[in-house]
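Hello,

Here is the model for your files. Please look through the structure first; my notes follow below.

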Amino acid sequence: METLKYQNTPKEKKLKVGFTLAKMLDITAKYELEYINDTPTNFRYTATNKPLKWFVKIFMVFASEKMVTQFVERVKRVAEETYHNEEESI
């Protein structure tokens, strides 16, 4: 895994990583957090899967967004739980 982009400021955090999976897929994942105010934060997740072999392209047709949606919902839940736990300990 290689870090392609990293930014860490008080109002913005960005991380983009990439790797090649089994010489068949080039995969990147980008996470962006943007401070709005003390309560809400904008979270954006972007992933790309670029097939490196012709037959992998066929399998990509059957891929769904369900796994990505579940992942983002899980990240949101954990972040909110962590925030509430830190708030209670103060």
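Helices (H or I, at least four residues) and strands (E, at least two) are DSSP runs, numbered from the N terminus. On that basis, M24 sits in the loop between β2 (12-21) and β3 (25-35).

Some ground rules. This is a predicted model, in which local features need pLDDT of at least 70 and side-chain atom pairs count only at pLDDT 80 or more, while totals for chains, interfaces and linings use all residues. Residues are numbered from 1 along each chain as its sequence is written, and side-chain values use heavy atoms, with hydrogens and water left out.

Overall fold: the chain has two helices and four strands. Their order along the sequence is β-β-β-β-α-α.

Dimensions: the C-alpha atoms fill a box of roughly 55 × 25 × 20 Å along the principal axes.

Burial: 10% of the 90 residues count as buried. Buried means under 20% relative accessible area, exposed over 50%, and partly exposed in between (1.4 Å probe, protein chains only). M24 is partly exposed, because its relative accessible area is 33%.

Contacts: take those in the chain with a separation of 6 or more; residues 24 or more positions apart account for 26% of them. Contact means heavy atoms within 4.5 Å.

Best regards
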